[in-house]
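Let's take a walk through this structure together. Have the chain in view and follow along as we go from strand to strand.

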Amino acid sequence: MNAVGIDDLSKTYAGGKKAVDHVSISLAQGEVFGFLGPNGAGKTTTVKLLNGMLTPSSGSCRVFDMDPVQNPEKVHAVSGVVTEHAQMYDNLTGLQNLVFYGCLFGISTSESEKRAEVLLKQLDLTDAKNQKLSVYSTGMRQRLSLARALIHEPKVLFLDEPTSGLDPESTQNVNSLIRNLAREKGITIFLCTHQLRYAQEICTRYGLIEKGELLALGTLEQLRSKILSGMTVRIKAGHLTSQLPYRKVGEQIFEIDVKSEEEIPRIIRQIVQGGGDIYHVSAKKPSLEDIYFALTAKGKEEIQ
Ligand SMILES: Nc1ncnc2c1ncn2[C@@H]1O[C@H](COP(=O)(O)OP(=O)(O)OP(=O)(O)O)[C@@H](O)[C@H]1O
């Protein structure tokens with residue numbers, strides 16, 4: 001059974017805006033899926049459809065084979081959701097907030113407290129557990145909202161920009177927690193983010209969405225094969241002739257795109273035979289960020 005199944009899903013808002021346009025994605029249990037796209041691409045709308053907060057205009061979506069519109073309570077029981085504006089209570093402490101949400105899911109107070117303490121520790125909030133939420137920083141709130149989403153031990157976690165307000169250290173902490181949840185507990189992660197570098201560190205597969213349409217779906221290698229060059233070779237050299245199609249990217253630094261590693265020795269030989277001096281050579285495969293900009297309109301605009 002798929003953890004998440006999205007089948008030909010579309011959503012048009014009342015004013016006529018088509019936010020999600022015939023999207024299909026299936027996630028196996030334990031996958032860490034990165035849902036990437038520019039502002040307004042349709043990511044949050046997709047998450048809201050998966051949580052039953054919105055009804056599809058056509059197509060369907062399922063969480064562990066349950067329809068979020070028909071069975072919202074059952075879907076909520078297996079899902080944790082982190083959005084930028086999670087509803088929590090300013091006049092309660094961090095610990096009290098978590099216990100409150102634990103009890104809402106039918107977990108006893110003592111068990112909720114036990115789970116809350118573990119989560120607070122994992123998210124580096126133990127020192128602040130007895131402080132009211134009103135004095136929490138944005139980053140602390142963001143981490144507490146992740147703890148809140150995990151209090152009922154969900155099987156799938158929907159994260160909408162979970163690290164947007166966090167400093168690099170907290171981002172790394174949250175990222176390693178997310179990775180461990182998938183690896184050790186088999187939790188499926190549906191991660192919407194703009195932070196491509198962090199996404200590349202933890203995601204096993206990606207979906208690229210723009211203007212509601214799914215542009216690409218696959219692992220990093222599969223996405224790489226969608227853009228032309230296999231890798232970029234960067235060469236630090238002097239006295240280069242202009243026989244090869246180099247791009248000059250710095251003082252004595254040149255780049256050339258190749259389809260595979262096999263082309264590199266030939267390039268080096270050509271340079272040396274042409275009287276060039278080579279100081280350094282490195283090969284770089286396209287990063288998730290390179291792929292993102294190559295496939296989305298923003299990147300195409302910049303290239304033109
Ligand atoms: N309630 C609404 N009514 C009408 N249009 C909406 C509504 N909510 C979102 N939209 C529009 O639907 C499109 C998709 O929005 P959505 O919030 O899903 O994008 P997103 O990818 O999550 O963007 P971001 O990265 O900025 O959060 C946008 O054009 C947005 O303006």
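A word on pairing before we start: two strands pair if DSSP finds at least two bridges between them. The strands themselves (E, at least two residues) and the helices (H or I, at least four residues) are DSSP runs, numbered from the N terminus. What you're looking at is a predicted model, in which local features need pLDDT of at least 70 and side-chain atom pairs count only at pLDDT 80 or more, while totals for chains, interfaces and linings use all residues. Residues are numbered from 1 along each chain as its sequence is written.

First, the overall picture. The chain has 11 helices and 13 strands, and its C-alpha atoms fill a box of roughly 75 × 45 × 35 Å, taken along the principal axes. Of the 304 residues, 34% count as buried. Here, buried means that 20 or more other C-beta atoms lie within 10 Å of the residue's own (12 or fewer makes a residue exposed, anything in between partly exposed, with C-beta atoms placed from the backbone). As for contacts, two residues touch if their C-beta atoms, placed from the backbone, lie within 7 Å. Among contacts between residues at least 6 apart in sequence, 68% join residues at least 24 apart.

Now find the open sheet of 6 strands. Its order is β5-β6-β7-β3-β8-β9, and the pairing is mixed. At the edges sit β5 (79–82) and β9 (213–218), each of which pairs on one side only. From one strand to the next, the twist averages 15°; for angles like this, axes are lines fitted to C-alpha atoms (for helices, over the stretch in contact), and the values run from 0 to 180 degrees between N-to-C directions.

β5 pairs with β6 in the parallel sense over 4 bridges, and Val81 has Phe158 in β6 as its bridge partner. Next, β6 and β7 are parallel too, paired over 5 bridges, with Asp160 standing opposite Cys192 in β7. To get from β6 to β7, the chain goes through helix α6 (residues 168–185), in a right-handed β-α-β crossover. Right-handed means that, with the strands pointing away from the viewer, the path from the first strand over the helix to the second runs clockwise.

How many of β7's residues are buried? The count is 6 of 6. Thr188, Phe190 and Cys192 cover one side, while Ile189, Leu191 and Thr193 are on the other. β7 also runs parallel to β3, joined to it by 5 bridges, and there Val32 stands opposite Ile189. Gly207 has Leu217 in β9 as its bridge partner.

There's another sheet to find, an open one of 3 strands in the order β2-β1-β4, with antiparallel pairing. Here β2 (18–27) and β4 (58–63) are the edge strands, each pairing on one side only. The twist averages 20° from one strand to the next. β1 (residues 4–12) and β2 pair over 6 bridges, and Lys11 stands opposite Val20 in β2.

Helix α1 links the two parts of our tour. It packs on the 3-stranded sheet, touching β1, β2 and β4, and its direction makes about 65° with that of β2. Helix α1 (residues 43–50) also lies across β3 (32–36), β6 (156–160), β7 (188–193) and β8, running at about 150° to β6.

Which element gives the most to the shell around the ligand? That's α1, with 3 residues. Among the residues surrounding the ligand are Tyr13, Lys17, Gly40, Lys43 and Thr44 (a residue counts as near if its C-beta atom, placed from the backbone, lies within 6 Å). The shell divides into 3 nonpolar, 7 polar and 2 charged residues.

One last stop is helix α3 (residues 94–104), where the buried residues include Leu95, Leu98, Val99 and Tyr101. The buried residues of α3 pack against α4 (109–122) and α5 (138–150). After α3 comes Gly106, whose phi is positive, near 85°.

Methods: Ala, Val, Leu, Ile, Met, Phe, Trp, Tyr, Cys and Pro count as nonpolar, Asp, Glu, Lys and Arg as charged, and the others, Gly among them, as polar.
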